[in-house]
There are 4 protein chains.
Amino acid sequence: MNNFTKEVMSVGEMASGAKLTVPVYVFETENNSAPSVYIQANMHGAEVQGNAVIFQLLELLQHCNLQGNITLVPYANPVACNHKNGEYTLGRFDPITGENWNRMYHFDQSVIAPFAQQYLDASEEEIADKFQQLLITEIDQRLEHNIWGITTGQRIAYQLQRLAHQADIVLDLHTGPISSKHLYCPEYAKASAEYFDIEHTIFIQNGFDGAMDEATFCPWWSLQEAYQDLGRNFTMGKGAFKKESFTVELGSQEQIDLDVAKQDALGILSYLQSQGVIDNKQYQPQEMTRYACYLKDYKALYSPMGGMVDYLGEFGKPLAAGEPLARILRMDNYGDGEALHYVSLEQDVIPILHFASASVNQGTELYKVFCNYFEL
Amino acid sequence: MNNFTKEVMSVGEMASGAKLTVPVYVFETENNSAPSVYIQANMHGAEVQGNAVIFQLLELLQHCNLQGNITLVPYANPVACNHKNGEYTLGRFDPITGENWNRMYHFDQSVIAPFAQQYLDASEEEIADKFQQLLITEIDQRLEHNIWGITTGQRIAYQLQRLAHQADIVLDLHTGPISSKHLYCPEYAKASAEYFDIEHTIFIQNGFDGAMDEATFCPWWSLQEAYQDLGRNFTMGKGAFKKESFTVELGSQEQIDLDVAKQDALGILSYLQSQGVIDNKQYQPQEMTRYACYLKDYKALYSPMGGMVDYLGEFGKPLAAGEPLARILRMDNYGDGEALHYVSLEQDVIPILHFASASVNQGTELYKVFCNYFEL
Amino acid sequence: MNNFTKEVMSVGEMASGAKLTVPVYVFETENNSAPSVYIQANMHGAEVQGNAVIFQLLELLQHCNLQGNITLVPYANPVACNHKNGEYTLGRFDPITGENWNRMYHFDQSVIAPFAQQYLDASEEEIADKFQQLLITEIDQRLEHNIWGITTGQRIAYQLQRLAHQADIVLDLHTGPISSKHLYCPEYAKASAEYFDIEHTIFIQNGFDGAMDEATFCPWWSLQEAYQDLGRNFTMGKGAFKKESFTVELGSQEQIDLDVAKQDALGILSYLQSQGVIDNKQYQPQEMTRYACYLKDYKALYSPMGGMVDYLGEFGKPLAAGEPLARILRMDNYGDGEALHYVSLEQDVIPILHFASASVNQGTELYKVFCNYFEL
Amino acid sequence: MNNFTKEVMSVGEMASGAKLTVPVYVFETENNSAPSVYIQANMHGAEVQGNAVIFQLLELLQHCNLQGNITLVPYANPVACNHKNGEYTLGRFDPITGENWNRMYHFDQSVIAPFAQQYLDASEEEIADKFQQLLITEIDQRLEHNIWGITTGQRIAYQLQRLAHQADIVLDLHTGPISSKHLYCPEYAKASAEYFDIEHTIFIQNGFDGAMDEATFCPWWSLQEAYQDLGRNFTMGKGAFKKESFTVELGSQEQIDLDVAKQDALGILSYLQSQGVIDNKQYQPQEMTRYACYLKDYKALYSPMGGMVDYLGEFGKPLAAGEPLARILRMDNYGDGEALHYVSLEQDVIPILHFASASVNQGTELYKVFCNYFEL
């Protein structure tokens with residue numbers, strides 16, 4: 001049975017002086033030949049199911065044949081996790097500033113070209129080491145040497161990112177509002193998507209928008225491009241560039257289900273087995289039809305009107321053009337207007353998630369859907 | 001086909017001057033021999049399903065054989081209904097003051113005894129007329145003649161209550177957070193509980209705590225008691241005292257389902273048919289096992305700890321003493337404490353509703369349950 | 001120089017398991033002949049100035065000639081104190097339930113009569129001891145032996161109240177929204193009001209509405225009345241009934257001013273000197289005109305309309321009937337209605353506090369004022 | 001006396017169907033030779049003082065000698081303006097999404113180069129006309145022809161922007177949290193800063209970050225640069241490129257003061273007089289020392305710790321390096337740590353605004369200050 005260590009990382013302070021802490025669990029292996037892994041959950045306050053998945057992973061990993069180090073961080077964002085507005089947890093943004101907690105990670109594109117120039121002829125191994133060190137130093141600089149300070153969210157994000165940069169594989173466990181399971185996967189890591197037990201995958205490119213997955217794979221992708229410009233070719237996902245990051249969307253927010261979490265954990269073990277992080281052949285992906293689309297085709301539909309929504313589009317099932325996705329109730333129009341308004345689209349889509357409440361303003365995001373989807 | 005009228009009632013103003021309005025639908029009959037009815041929905045902002053039920057009632061009532069007047073008011077509380085905190089609707093209380101929107105109705109016990117004295121020998125019909133007039137005047141006084149003003153919530157509540165006092169039967173459509181259907185029913189109206197298609201009924205007594213149902217039946221109950229003290233006996237629920245008020249809890253908040261709303265509407269028609277408000281024998285209650293308990297036995301269980309809850313207790317099914325109602329995840333204790341804590345009770349209960357979020361503080365209401373329940 | 005002890009009291013847990021703690025500072029004296037004192041601050045989250053006053057009291061008390069024990073509790077409510085909604089601290093109520101944090105203390109009137117009966121002939125000293133013990137036991141019962149649990153706010157309030165019941169004098173430091181300083185004082189302790197450096201006092205009677213001051217003096221007042229009914233007369237504020245509780249409103253919320261806090265602390269020392277808790281004659285009340293009114297005459301004015309308010313009434317200065325208290329801007333009416341609406345009252349008043357924001361709904365509390373005020 | 005027209009613009013719908021409307025006041029002149037002006041207020045919900053300034057401008061402009069058309073829009077954002085969280089107005093962002101209301105205006109840089117190419121040889125007048133038409137069409141496209149819809153904030157912003165693009169001069173009236181008056185001014189319009197009665201000016205360049213001022217002047221600046229690249233030189237602020245946009249920060253949020261608003265209005269008239277929009281020589285700027293800095297030198301200081309802040313830095317007065325800007329109270333450290341922490345900077349600054357609450361988390365923005373400031 002594998003042992004793990006547990007530490008408590010301090011990530012901030014509240015007005016009363018209360019310390020904000022995050023537990024960090026680490027499995028260390030001796031042979032450590034395989035990729036190392038970083039898994040975190042609950043960066044968005046209401047997206048709690050990942051904590052239950054980490055619970056199940058901790059239970060299961062103790063009995064696995066570990067080949068690489070694994071770090072697990074539940075309750076990644078204690079401000080968000082404990083922040084109630086009414087009965088619900090204010091999920092997605094800093095209640096003071098409105099900033100999305102998952103848009104505050106760091107990546108400074110301007111360090112890439114000079115690095116590639118400096119290490120143009122270095123060995124692949126040296127490149128990997130030095131570049132990882134650079135990424136970590138970049139974070140340290142911001143955390144420790146900034147006379148003007150950093151925001152609450154940056155302090156949390158940077159401390160998590162410092163851990164994540166030390167790993168080769170990063171899994172950031174999220175959920176949608178009311179949602180099917182889906183996976184954000186870098187295009188170059190397409191092959192890995194089939195090892196998760198998740199039916200819907202969104203392929204993303206090298207655009208940094210502040211999220212954890214991007215913050216950990218985009219630097220390497222950019223570096224590989226910089227070397228390419230200098231005439232030296234590496235392959236993303238291989239050798240020194242064996243870096244993969246995923247945002248794993250586990251279903252709906254505001255819910256804990258330990259039995260479902262067990263299933264989610266098994267899917268993650270299947271992926272870790274495929275990467276050699278564990279050597280346990282019993283963890284294999286389930287057979288299922290997997291759909292995917294590109295990020296540009298993962299589209300949000302905003303409500304054409306205020307009203308109360310009866311969500312009709314079933315998650316994960318292709319919906320034909322013209323079929324109703326939702327009907328919106330407008331009792332104020334009853335008797336002298338249209339009390340029911342049907343919403344449909346002009347193309348086939350797969351509904352992936354919808355808004356968490358029936359009550360919407362004009363312009364509230366109703367659904368997110370796959371367009372131009374294809375089977376994996 | 002029956003016609004209805006539609007009016008827009010002004011219930012307040014926001015900071016920008018925006019008027020808060022509520023639509024009021026009225027079916028008037030000529031013979032008007034039967035009790036009159038008042039139905040409202042959405043006093044709590046997130047409890048929207050009642051609006052869909054009113055939609056279905058408006059559809060169905062146009063084809064009924066009406067014997068009494070019916071007033072229907074969806075979107076009863078536009079402040080609450082439109083107030084978002086994050087994705088969810090801030091449901092239960094005024095965002096400025098914290099006051100529960102359904103605890104602001106008016107009843108002044110001190111008017112009862114003098115009235116009974118004054119009309120000690122009046123006919124039952126005169127008593128009904130004069131007392132109804134008194135109740136309406138009481139409200140008018142507060143709405144119109146108060147130099148110090150009234151609160152935002154009182155203004156809304158009093159205008160609704162003024163309409164409700166004009167009816168004999170009052171249905172206030174609510175929902176729980178995540179909840180089975182249940183009914184709050186005055187003890188004296190016990191017989192009516194079997195006409196709704198609702199499996200769980202809570203019998204309440206003559207205690208006024210500010211809610212709409214209490215505000216409309218408690219005055220009559222108190223009046224009947226006052227006459228009793230003076231030696232004149234009336235029966236609650238008969239003759240001049242034919243007044244019934246119910247809080248109908250339609251299920252979970254934050255959801256609109258028009259198909260379920262149709263079923264809910266049919267259950268209400270079954271009750272209206274039983275009271276002679278409509279003459280449509282096709283509307284009969286469904287056969288089901290109906291459980292009930294007294295209000296004192298409808299108990300809340302507060303969380304013994306902070307944590308993330310996997311709610312296990314199924315709604316509406318008797319749960320044996322000692323069986324787990326919930327398990328609470330505490331990842332911070334993993335490895336050096338109890339990461340899972342099971343919650344159970346020492347008596348048999350029926351779980352009726354639970355908190356809307358998995359994330360709870362120590363002391364958050366986890367569940368509400370029936371104790372000492374019995375079959376109707 | 002006097003030493004104090006410092007302990008950390010655990011008052012709850014958040015969803016992540018984070019412990020909620022409160023620091024408790026205690027000065028203990030040996031001779032302990034004088035009344036003992038309990039002072040807390042910041043039960044309402046945004047009312048922070050009391051923490052600065054406790055800072056200054058800790059600085060000053062180390063150099064006083066102490067005659068009685070003094071307990072000081074800043075940051076009394078860590079949930080509220082750390083809870084942001086936008087830039088501001090959500091002050092007054094539990095963000096989940098809407099319950100006012102200062103309405104959750106405990107007092108069960110039904111224990112009074114049996115106690116008086118049981119100890120009808122006991123010595124005054126024994127009565128004081130046993131009754132204090134009863135009050136503490138009542139709290140312990142609720143905290144420790146309740147199978148259904150207690151709410152988050154009750155857990156915090158009861159733990160504070162358990163400390164407060166051990167003292168003879170209780171000072172609960174609050175602030176208004178935007179406010180002058182004022183004092184809630186039990187009628188029987190009228191003489192004490194002149195020792196605080198506060199110009200405005202509200203005299204309250206023996207009505208328990210859930211607040212800390214009431215929870216600590218009302219039991220004793222009720223007990224004295226119960227003895228009176230049984231033919232034994234004690235005087236409130238003397239001997240065994242030497243109990244005084246005050247809610248001290250320090251000015252406006254959301255502000256820390258350490259210099260003003262020093263002045264506030266000196267005023268409290270003046271009161272403690274008057275009660276013999278310290279023996280430092282240099283602490284004397286300032287000369288000032290002190291106004292007072294009874295609680296029934298401390299009235300709230302609710303806004304007659306939605307709009308944006310230019311608050312005109314100066315705090316603490318008598319305002320003649322008919323003089324404008326506020327003018328309300330309604331730009332939506334400019335050009336075709338009244339863009340400015342003046343608010344005045346039909347009697348002389350002293351404005352004490354006003355709402356914290358210019359933007360009000362119809363029915364928002366605009367001002368609180370003294371009516372029928374008099375000089376102390 | 002000049003007449004104005006008043007219209008009500010519909011900008012959205014809430015869940016109950018309630019329409020969100022904004023009043024639009026327009027003064028039209030016949031000679032219309034001077035620049036036209038657009039002034040709006042209250043895009044951020046708590047920043048209400050601009051409404052009072054528009055009130056005073058409407059009062060004053062009726063008696064001015066108008067040379068150009070002027071459009072005035074108070075209550076620009078009714079969602080934000082009416083949204084309460086506790087006593088305060090949730091100011092800066094959409095409560096559902098967290099998006100800053102003043103970062104949702106539109107500018108698509110990619111339309112610039114093709115336009116310049118197409119109208120390379122057009123007359124300056126034609127360029128101005130066609131380009132203005134292009135900007136308006138761009139907005140119309142997004143508002144009217146988007147099958148996927150737009151967000152709530154975009155709908156509001158675009159409708160305001162459509163009005164603003166029709167003017168040559170745009171004033172967007174904001175406030176800081178607790179703040180001195182200050183002005184955001186495009187670098188090329190430096191000369192205009194001296195006509196406002198505002199002591200502090202921030203000069204901004206051609207970077208579009210979603211705000212109203214940028215959305216209206218950046219397109220023209222970019223166009224001028226595009227022509228420059230093609231060899232045709234125009235001067236920003238002259239001829240067809242006579243476009244000026246300012247964000248006017250009027251002081252602190254959550255306050256209405258009609259007397260101060262009168263002064264603010266006079267300062268705006270002084271600027272309008274300088275631009276020939278009115279011909280009333282009595283409106284001249286006040287004499288004052290005006291300080292300015294560049295946007296890159298307008299810096300935020302984030303709190304190095306959680307705590308409660310006594311803000312010491314006076315607005316508008318140069319503060320020497322090392323002098324305390326704030327002291328942070330940490331009562332939890334009293335007795336065994338540092339209960340007071342002083343914050344200072346290593347360079348001279350002018351404090352411009354500070355956070356709205358004493359209670360801050362580690363990382364909350366404490367102050368914004370001018371560095372490297374200079375006199376205008």
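**View 1. The contact between chain D and chain A.** In this predicted model, 42 residues of chain D meet 42 residues of chain A, where contact means heavy atoms within 4.5 Å. Residues are numbered from 1 along each chain as its sequence is written, chains are lettered from A and ligands numbered from 1 in the order in which they are written. Because the model is predicted, local features need pLDDT of at least 70 and side-chain atom pairs count only at pLDDT 80 or more, while totals for chains, interfaces and linings use all residues; side-chain values use heavy atoms, with hydrogens and water left out. The size of an interface is often given as the accessible area lost when the parts come together. Chain D and chain A bury about 3,500 Å² between them, 56% of it on carbon and sulfur atoms; buried area is the accessible area (1.4 Å probe) that two parts lose on being put together, summed over both.

View 2. On the side of chain D that touches chain A, the largest share, 4 residues, comes from strand E13(D); strands (E, at least two residues) and helices (H or I, at least four) are DSSP runs, numbered from the N terminus.

**View 3. The contact between chain A and chain B.** Here 51 residues of chain A are in contact with 51 residues of chain B. The two chains bury about 4,300 Å², of which carbon and sulfur atoms give 61%. There are 4 salt bridges between chain A and chain B, including the one between A:Asp336 and B:Lys6, whose closest N and O atoms are 2.6 Å apart. The interface also holds 32 residue pairs in polar contact (both at pLDDT 80 or more). Among the elements that give two or more residues to the side of chain A are helix H1 (49–61) and helix H7 (258–274). H1(A) supplies the largest share of that side, 6 residues.

**View 4. The two domains of chain A.** Chain A is divided into domain 1 (5–288) and domain 2 (297–375), with bounds that come from an automatic or database domain assignment. Their C-alpha centres lie 32 Å apart, and 12 residues of domain 1 are in contact with 12 residues of domain 2. The two domains bury about 940 Å² between them, 74% of it on carbon and sulfur atoms. In domain 1, A:Pro177, A:Ile178 and A:His200 lose the most area to domain 2, together 48% of what that side buries. Between the domains the rule finds 0 salt bridges, and 2 residue pairs are in polar contact (both at pLDDT 80 or more). Strand E10 (200–204) is one of the elements that give two or more residues to the domain 1 side, and E10(A) gives the most, with 4 residues.

Notes: Salt bridge = Lys/Arg side-chain N within 4 Å of Asp/Glu carboxyl O. Polar contact = N/O pair within 3.5 Å; in protein donor to acceptor, adjacent residues only side chain to side chain.
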